[in-house]
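Subject: Structure handover

Hi,

Here is the structure I said I would pass on.

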Amino acid sequence: MEQHEITQAGPLLDDQGNLREAGYARRMLPVYDRNDVKGHAMRIKEWDYYLVMNGQFALALTIADNSYMGLDSISLLDFWENTQITKSPMRLLPMGSTGMPSSSLEGDSASGGRGYSLLFRREEDQRQLYAHMEHFDGRDALDAHIILTHEPEESMVICTPFDKPGHFYFNQKINCLRASGKVTVGEREYMLDPSDSFAVLDWGRGVWTYHNTWYWASASGLVDGVPFGFNLGYGFGNTSAATENMLFYNGKAHKLSKVRFRIPGRRRKRRYMEQWEFTSDDGRFEMRFDPVLDRSACTSAGVIKSDQHQIFGRFTGLAILDDGTEIFVKDFLGFAEEVENKW
């Protein structure tokens, strides 16, 4: 499929609150301003999500302002012990008062409540993540301080319209951030070393329709000592201008066409922990995925529902860069998810 690349900086939205230019970019070129949004104030969703992981564990941190509901979340997954803990306190009607930055390039995100706090700081050449939560695991508190460095030159930026006026999703995914620091839970310590610990940032701003199911997969690591990663996703909005499928190698982005997730079992009767397959229509991404741990959560409150399965595991297969270079990976750590939201 032909995909439109955005190559000039400019406002994200036009005077009607619609995307000025649908497509993808390799840098943060479109300029988002919440004041330009014309969609219903209760439909605006803004979030920063960081996932940090190595072969031992993963930590996911979220600050989200979904207008009618704020959601802050901390997840800790221990691959050695095959355990997971997720705590997601909610805030009522923040309506933008969380003050999420309008760009991933600068500004801090902060939130907190009774017994917990989250802070994501953007500094000149690094990102600093702080998290604290009382009674995270029984009586044990969680504390985390993580430093992310070596931000790659290019990343996945996409402007996706919905088939409804004033609705859009503006998203950046930054793979292959190197992570250092530590997480403590009571007496337990989890260490991050930048030689084998990587992070991804999912930075999203938009006006969403009510009911969506999305598919997302991501991985970051080293192949023969060179940073390599990928971002795959689909399931919502009108992707005729561009998909969000991209490879990253040594700081540069390589655009893929469509990639299909083949998940065992039928919808509603998935067998998430069996082997998945990923295949692209252009033959440039062919992988199998062997699950290790399912971070599942289903919350339902009246008309609001979120049914999430984020599967952590290992990818094995072939990816082909824009110039034809073949990248083979074996047991490459990452995740793939299927999420249904009524929100």
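**What I found**

Lys 330 counts as exposed, at 64% relative accessibility.

Before going on, please keep in mind that this is a predicted model: local features need pLDDT of at least 70 and side-chain atom pairs count only at pLDDT 80 or more, while totals for chains, interfaces and linings use all residues. Residues are numbered from 1 along each chain as its sequence is written, and side-chain values use heavy atoms, with hydrogens and water left out.

**Salt bridges**

How many salt bridges does the structure hold? There are 22. In general, side chains of opposite charge can pair when their charged atoms come close.

One of them joins Arg 27 and Glu 153, at 2.9 Å from N to O. This pair links distant parts of the chain, 126 residues apart: Arg 27 is in the loop between strands E2 (23–25) and E3 (30–31), and Glu 153 is in the loop between strands E12 (140–149) and E13 (156–161). (Strands, E, are DSSP runs of at least two residues, numbered from the N terminus.) Arg 27 is partly exposed at 37%, and Glu 153 is partly exposed at 48%.

Glu 154 has a salt bridge too, with Lys 252, and their closest N and O atoms are 3.9 Å apart. Glu 154 sits in the loop between E12 and E13 and Lys 252 in strand E20 (residues 252–255), so the pair ties together parts 98 residues apart in sequence. Glu 154 is buried, at 8%, whereas Lys 252 is partly exposed, at 36%.

There is also a network of salt bridges that links Arg 267, Arg 268, Arg 270, Glu 338 and Glu 340.

**Around Phe 248**

Phe 248 lies in strand E19 (residues 246–249). Is this residue buried or exposed? Phe 248 counts as buried, at 4% relative accessibility. Leaving out residues up to four places away in sequence, Phe 248 touches a set of residues including Glu 154, Lys 173, Phe 230 and Ala 253 (contact means heavy atoms within 4.5 Å). Asn 231, 17 residues away along the chain, has its C-alpha atom 8.3 Å from that of Phe 248.

**Nonpolar cores**

The largest nonpolar core has 44 residues, and Leu 59, Leu 142 and Ile 146 have the most contacts inside it. (Such a core is a set of buried Ala, Val, Leu, Ile, Met, Phe, Trp, Tyr and Cys residues joined through side-chain atoms within 4.5 Å.) Strand E14 (residues 168–185) gives the most to this core, with seven residues. Another core lies apart from it, with 26 residues, among them Val 223, Phe 230, Leu 256 and Phe 261.

That's it from me for now. Happy reading!

Note on methods: Buried < 20%, exposed > 50% of the residue type's maximum accessible area, 1.4 Å probe, protein only. Helix = DSSP H or I, 4+ residues; strand = E, 2+ residues; numbered from the N terminus. Salt bridge = Lys/Arg side-chain N within 4 Å of Asp/Glu carboxyl O.
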